[in-house]
Amino acid sequence: MKRPSTMIVALSLLGAVGLPAAAQQAAQTTERVASAPGQAAMARTTKIVATVEAIDLAKREVTLKGPKGKVVTLTAGPDVRNLEQVKVGDNVVVGYLEALSLTLMKDGKELRGSTSAADGARAAAGERPGGIVAEKVKVIADVIAVDTKHKIVTLRGPKQTVDLRVPDPKQLKLIKVGDQIEAVYTQALAVSVEPVPPAKK
């Protein structure tokens with residue numbers, strides 16, 4: 001699957017400033033965790049702002065400075081529209097979302113498997129440059145072992161076997177060999193260019 005250029009630009013910027021692997025001081029990160037019997041969900045969003053240091057329209061190259069001062073030069077592909085509107089000093093806002101949900105399926109009869117889907121959107125002609133790319137992966141895995149002493153559930157997925165730690169004893173009590181777990185992982189990246197606010201006097 002060919003990733004849209006917006007994804008490449010966003011990933012390059014995130015990698016350049018060390019996100020999302022480690023949140024920077026200048027980044028805004030929020031996390032949410034929720035659980036109910038047989039279900040658990042986690043979501044984390046991170047947003048950073050980088051400044052356009054230089055731009056070469058002929059080469060479609062944009063040089064950005066991240067929140068901790070690191071500079072990176074990115075090539076904006078054809079999916080990044082309206083590049084000519086970007087000016088030195090503009091702010092590029094990069095948002096990153098990760099979400100994971102786990103659902104217990106008692107005595108599940110589904111076939112182990114994995115499916116993925118991607119979607120995206122880009123700015124309309126004439127609007128300020130921007131774009132968003134999202135990807136969702138769903139996996140069905142079989143519960144093949146439950147270690148109540150160490151609070152570990154062993155799952156066999158379509159490609160590998162993994163151990164899942166379940167610290168909540170009430171949740172662990174619900175799971176037994178023969179059940180299935182449906183895991184849905186979603187990630188989304190959004191890039192937008194916003195005007196620089198006027199300097200304070």
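Residues are numbered from 1 along each chain as its sequence is written. In this predicted model, local features need pLDDT of at least 70 and side-chain atom pairs count only at pLDDT 80 or more, while totals for chains, interfaces and linings use all residues; side-chain values use heavy atoms, without hydrogens and water.

I start with the hairpin. Strands here are DSSP runs of E with at least two residues, numbered from the N terminus. Strand 1, residues 28-36, runs antiparallel to strand 2, residues 39-56, with nine bridges joining them; two strands pair if DSSP finds at least two bridges between them. Two residues separate the strands, and Gly38 in the turn has a positive phi of about 80 degrees. Val33 faces Met42 in strand 2. Of the nine residues in strand 1, the count that is buried is zero. Buried means under 20% relative accessible area, exposed over 50%, and partly exposed in between, using a 1.4 Å probe and protein chains only.

Next, Gln180, in strand 10, residues 180-194. Gln180 is buried, at 2% relative accessible area.

Now the salt bridges, meaning a side-chain nitrogen of Lys or Arg within 4 Å of a carboxyl oxygen of Asp or Glu. The whole structure has eight. One of them joins Arg44 and Glu98 at 2.6 Å, N to O. Arg44 sits in strand 2 and Glu98 in strand 5, residues 91-105, 54 residues apart. Arg44 is partly exposed at 26%, whereas Glu98 is buried at 13%.

Methods
Helix = DSSP H or I, 4+ residues; strand = E, 2+ residues; numbered from the N terminus.
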